[in-house]
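Here is a short report on one protein chain. Please look at the sequence and the fold before reading on.

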Amino acid sequence: MNFDQIIDRRGTHCAKWDLMQPLYGVAPADGIAMWVADMEFRPPDCVQDAVRAMADHGVYGYFGDDGRYREAIRWWMAARHGWAIDPAHVFTTHGLVNGTAMCLDAFTEPGDGVVLFTPVYHAFAKVIRASGRRLAELEMPVVDGHYVLDFDAFDAAMTGGERLLILCSPHNPGGRVWTRAELESVADFARRHDLILVSDEVHHDLTMPGQRHIPMAHVEGIADRLVMMTAASKTFNIAGAHVGNVTIADPALRDRFGARMAAFGMSPNSFGLHMVTAAYSPDGAAWVDALRRYLHANRTAFDAGIAAIPGLRSMPLQATYLAWVDFAGTGMERADFTRRVEQEARLAVNHGPTFGAGGESWLRFNLAAPRAQIEEAVARLHAAFADLQ
Ligand SMILES: Cc1ncc(COP(=O)(O)O)c(C=O)c1O
């Protein structure tokens with residue numbers, strides 16, 4: 001668990017470092033990649049050992065008998081989240097963007113409205129638009145420094161043509177861990193407007209100290225319209241394995257989803273299943289607890305650095321390793337603060353507007369990196385905004 005180790009990923013076909021130049025104009029030679037949500041860390045030994053065992057065996061045929069894999073998922077959800085799942089209710093998709101697309105296909109028709117509370121993870125909007133559904137953005141206000149859900153405004157914006165709501169819980173970006181009362185209000189909203197509720201909980205393991213994530217499945221009276229999405233990908237930094245889990249307790253919804261999975265001929269990748277089976281284990285859990293402590297210290301160091309730059313504000317993270325920083329207080333145009341971050345500080349970060357309405361003055365910084373990289377990024381930001389000090 002040496003999270004301080006700097007691992008050079010450049011030239012390995014990793015999106016984060018090898019696409020930073022074409023996408024953000026930041027050269028990997030001396031830039032720092034702080035955009036896409038994967039980590040600079042190797043997964044725990046239990047995962048590495050599983051991959052090595054496959055390579056040592058050396059025959060890569062079709063996967064069969066996913067009993068251990070399903071049992072590992074069942075164990076993890078019970079042990080880490082107090083969530084009792086029936087392993088037979090779990091589908092395996094090629095990650096959760098794919099899971100989202102499959103939900104749109106199974107539960108909506110072209111032209112149907114799909115609701116997002118924005119700003120929110122940008123790939124949701126991408127697949128909604130690409131699949132010919134109508135994006136219904138409901139912008140969350142910031143109250144006391146964090147996002148809240150304003151259901152009076154949300155109700156007023158509904159047209160009656162919406163069929164599905166995607167909730168991001170914990171929220172990316174902004175790092176909210178929704179309270180039970182908020183989750184109950186989301187469930188009420190879904191029922192009031194007759195929406196299927198897709199709860200993307202991919203960040204559920206990465207809570208900050210003192211925070212407890214509540215699975216949407218624990219809210220009363222929502223099971224008949226609920227689709228749960230989870231994955232080991234963010235938690236263990238194995239996003240390239242492309243394994244997502246879509247868990248559906250309601251038999252009618254499960255049948256509809258299963259029928260579309262069959263229609264697309266979906267079947268999982270054996271490397272991914274071995275990795276997830278190894279990750280969802282007591283050894284994996286111990287690694288995640290160490291990781292969370294490390295991420296919390298990164299977050300603390302980063303936020304202190306940001307707070308020292310007049311006009312910048314980092315939203316207090318309750319979960320995730322994705323810092324959401326508002327530049328509105330600088331009074332600068334978006335092009336100006338973005339240029340300073342990219343060209344002067346040489347940091348490749350996500351642009352706020354891609355997250356939808358409400359993201360205009362924000363940038364997202366990935367903090368899942370060795371502390372030295374975070375400290376270097378903060379020092380560069382101080383230099384790039386030195387005239388504000
Ligand atoms: C909320 C959320 N859902 C899904 C994903 C991506 O999932 P996958 O890599 O499994 O497609 C991300 C990645 O950042 C995310 O933040």
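## The largest pocket

In this predicted model, 49 residues line the largest pocket. Val36, Ala37, Asp38, Lys234 and Ala239 are the ones nearest its centre. The space in this pocket comes to about 1,300 Å³.

Several elements each bring at least two residues to the lining of the largest pocket: α2 (20-24), α5 (96-107), α6 (122-130), α9 (233-236) and β14 (350-351). Which element gives the largest share of this lining? That is α6, with five residues. Sorted by class, the lining of the largest pocket holds 25 nonpolar, 16 polar and eight charged residues.

## The second largest pocket

The second largest pocket holds about 280 Å³ of space. Its lining counts 15 residues. Met1, Arg42, Pro43, Asp45 and Trp287 are the closest to its centre.

The most comes from α3, which gives three residues to the lining of the second largest pocket. By class, this lining has eight nonpolar, three polar and four charged residues.

## Helix α8

Helix α8 runs over residues 180-192. It has 13 residues. From the first C-alpha to the last it reaches 18 Å, close to the 18 Å expected at 1.5 Å a residue.

Which residues of α8 are buried? They are Glu182, Leu183, Val186, Ala187, Phe189 and Ala190. These residues cover an arc of only 160 degrees around the axis, so they sit on the same side of α8. The cover over them includes β3 (113-118), β4 (134-139), α7 (151-157), β7 (162-168) and β8 (196-200).

## After α8: Asp194

Asp194 follows α8. Its place is in the loop between α8 and β8. Asp194 is not a glycine, yet its phi is positive, at about 55 degrees. Is Asp194 buried or exposed? With a relative accessible area of 52%, Asp194 is exposed, because the cut-off for exposed is over 50%.

## Asn237, another positive phi

Asn237 also has a positive phi without being a glycine, here about 60 degrees. It lies in the loop between α9 and β10 (244-247). Asn237 has a relative accessibility of 14%. That makes Asn237 buried, because buried means under 20%.

## Helix α11

Helix α11 covers residues 270-279. Why is α11 largely enclosed by the rest of the structure? Eight of its 10 residues are buried, so the helix is largely enclosed. The buried residues are Ser270, Gly272, Leu273, Met275, Val276, Thr277, Ala278 and Ala279.

What do these buried residues pack against? Their partners are α3, α4 (67-81), β2 (90-93), α9 and α12. Some of these elements have come up already.

## Two cis peptide bonds

The peptide bond from Thr118 to Pro119 is cis. Its omega is near -5 degrees. Pro119 is in the loop between β3 and α6. α6 is also the element that gives the largest share of the largest pocket's lining.

Asn172 and Pro173 are joined by a cis peptide bond too. Omega is about 0 degrees there. Pro173 lies in the loop between β7 and α8. The strand β7 is also among the elements that cover the buried residues of α8.

## Gly359

Where is Gly359 found? It is in the loop between β14 and β15 (362-366). Gly359 has 0% relative accessibility, so it counts as buried.

Leaving out residues up to four places away in sequence, Gly359 touches Pro119, Trp324, Gly352 and Pro353. Of these, Pro119 belongs to the cis bond with Thr118. Gly359 and Glu139 are 220 residues apart along the chain. Their C-alpha atoms are separated by 9.4 Å.

Definitions and conventions:
Residues are numbered from 1 along each chain as its sequence is written. This is a predicted model: local features need pLDDT of at least 70, side-chain atom pairs count only at pLDDT 80 or more; totals for chains, interfaces and linings use all residues. Side-chain values use heavy atoms; hydrogens and water are left out. Helices (H or I, at least four residues) and strands (E, at least two) are DSSP runs, numbered from the N terminus. The expected span of a helix is 1.5 Å times one less than its number of residues. Buried means under 20% relative accessible area, exposed over 50%, partly exposed in between (1.4 Å probe, protein chains only). The arc is that of the directions from the helix axis to the C-beta atoms. Contact means heavy atoms within 4.5 Å. On a 1 Å grid over the protein atoms alone, a cavity is a set of points where a 1.4 Å probe fits but cannot get out, and a pocket is an open set with protein on both sides within 12 Å along at least five of seven lines; lining residues have an atom within 4 Å of a point. Grid points are joined across faces, edges and corners, and a volume is the space filled by probe spheres set on the points. Ala, Val, Leu, Ile, Met, Phe, Trp, Tyr, Cys and Pro count as nonpolar, Asp, Glu, Lys and Arg as charged, and the others, Gly among them, as polar.
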